[in-house]
Amino acid sequence: MAGYLKRDWEPFPMDTIKRVDKPTTRIDEDKVKRVSEREAGFCKAAAGDYGPKLQKEVRRFVEKHPLSAATAAIRYAMKPLVDGLVAIQKAPLPDDPALLSRHIKETAYFLRADAVGICELPQYAVYSHKFDFKNPDAPPVPIELKHKYAIAILVDQDYRTSQAYTGSDWISNAMSMMSYATSGFIAIILADYIRRLGYPAKAHYAPFYDIVVPPIILLAGLGEMSRIGDTVVHPFLGPRFKAAVVTTDLPLLPDKLIDFGLQDFCSKCKKCARECPSGAISDGKKEMYNGYERWPLDKKKCTGMRVGNQRGSGCGTCIKVCPWSKPYTLFHRAVGWAMRHSAIARRFAIWGDDLLGYGKPDYKNKWWFDLEDVNGNGVLEIPKNVKSEFEER
């Protein structure tokens, strides 16, 4: 608690990051078309686009580990709270968007967010149609979301745990579900609070997004687009987070975008592409896709690994090996500062990351049990590829 009381109002010194007027990757807004949620990898698997095996596995890949299943259950329990009635009268608030933004951000940090940013909500970031995951043959439902602003909320997936896992073992999905559920919890409370202030607000969190999340995180000044497909990398968290969003009409002041040298770094590093178990991440150049400039990602291969992984639950290998995914220590803060300010330092950092063995599991920090619900009946077994608990030590 003492550390929390002494902190600056933001957990990370985002005021030290270079602010820019345009994204560091090209977005031709007039060419970006709204997409249906059905185009997401997990939804395509559920619809059978990737074959019957993945269509079956997508129903159990979260549930097969008990901790992942427990956190996912909370996500579903919170769903009825994403939206609600707005107070009949607006609260007597200051007529100052900057002050209101500071207040909303501090509220999210009070609720234990790790990073928060604000942007205007572009209509191209709103899904065109909703996909019914449990009934994939149901007619798509159009989405209308006219809120003016979006508040992006990031929650760390926990560096201490990531030290001890391979990136694709049995804790992987639990790390994702914990961050999804926690960011959703924060977003739901924040949206409810804003509605009580007299303004419409809706929470969006996995798997109940009405919006495409990466452009919101990018435009909210929380990171840059990376080589990891559509993933945004934060200058202090790296890609080691999951996000929720609150959309609202509360008058807010958008954050400016950031530039910390990631485009140059990702063009040289390629560690995520090298280490990706499915070969889904490209080691080539950027391409234009639907009005966005991005490094291409083979969505089918990525989804196939995350959903069909038989030696673990999910996959976050790219998150684990990314050189930006480091603890907030004095040493790593110094290295991060150099990486943000010097192209030469970025080259040395890429070389040094491998030299120091980052990206490899340190099993002495393993705390979880490798367990699997094989048949979906709640009976847990030690997975076949695990000889005994903690034997890796």
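Q: Are Asp-156 and Arg-240 buried or exposed in this predicted model?
A: This model is predicted. Buried means under 20% relative accessible area. Asp-156 and Arg-240 both fall in that class. For the two residues, the word is buried.

Q: What do Asp-156 and Arg-240 form, and how far apart are the closest N and O atoms?
A: A salt bridge needs a side-chain nitrogen of Lys or Arg within 4 Å of a carboxyl oxygen of Asp or Glu. Asp-156 and Arg-240 form a salt bridge, with the closest N and O atoms apart by 2.8 Å.

Q: Why does the pair of Asp-156 and Arg-240 tie together parts that are apart in sequence?
A: Asp-156 sits in strand β5 (residues 149-156). Arg-240 belongs to the loop between β8 and β9 (241-248). The pair therefore ties together parts whose separation in sequence is 84 residues.

Q: Which residues does Met-178 touch, not counting residues up to four places away in sequence?
A: Met-178 is part of helix α7 (residues 172-196). Its relative accessibility is 28%, so Met-178 counts as partly exposed. Leaving out residues up to four places away, Met-178 touches Thr-71, Asp-156, Gln-157 and Asp-158.

Q: In which helix do Asp-192 and Arg-195 lie?
A: The side chains of Asp-192 and Arg-195 meet in a salt bridge, at 4.0 Å from N to O. The two residues are three residues apart, about one turn of the helix. Both lie in α7.

Q: Is Arg-195 buried or exposed?
A: Arg-195 has a relative accessible area of 3%. Buried means under 20%. Arg-195 is therefore buried.

Q: Which residue forms a salt bridge with Lys-44?
A: Lys-44 is buried, with a relative accessible area of 15%. The closest N and O atoms are 3.8 Å apart, and the residue bridged to Lys-44 is Glu-39.

Q: How many salt bridges does the structure hold?
A: Some salt bridges are linked in a network. Lys-271, Arg-274, Glu-275, Lys-326, Asp-353 and Asp-354 make up that network. For the structure, the number of salt bridges is 26.

Q: Why do the buried residues of α9 line one face of the helix?
A: In helix α9 (residues 262-269), the buried residues are Leu-262, Gln-263, Phe-265, Cys-266 and Cys-269. Seen down the axis, these residues line one face because they fall within an arc of 160°.

Q: What covers the buried residues of α9?
A: Strands and helices both take part. The strands include β7 (224-225) and β8 (232-233). The helices include α10 (271-275), α13 (330-341) and α14 (343-355).

Q: Which helix gives the most to the nonpolar patch?
A: Phe-331, Ile-344, Phe-348, Trp-351, Leu-355 and Leu-356 form this surface patch, with about 750 Å² of accessible area together. Trp-351 counts as exposed, at 54% relative accessibility. Four residues of the patch come from the helix that gives the most, α14.

Q: What is the mean pLDDT of the protein chain?
A: In the chain, 96% of residues reach 70 or more. Over residues 1-6 the pLDDT is below 50. Residues 388-393 also have pLDDT below 50. The mean pLDDT of the chain is 93.

Key: Residues numbered from 1 in each chain as written. Predicted model: local features only at pLDDT ≥ 70, side-chain atom pairs only at ≥ 80, totals over all residues. Heavy atoms only, no water. Buried < 20%, exposed > 50% of the residue type's maximum accessible area, 1.4 Å probe, protein only. Arc of directions from axis to C-beta. Contact = heavy atoms within 4.5 Å. Patch = residues over 30% accessible without salt bridge, like charges linked within 9 Å, V, L, I, M, F, W, Y side chains within 5 Å. Areas by Shrake-Rupley, 256 points an atom, 1.4 Å probe, with all protein chains shown as cover. pLDDT = per-residue confidence, 0-100.
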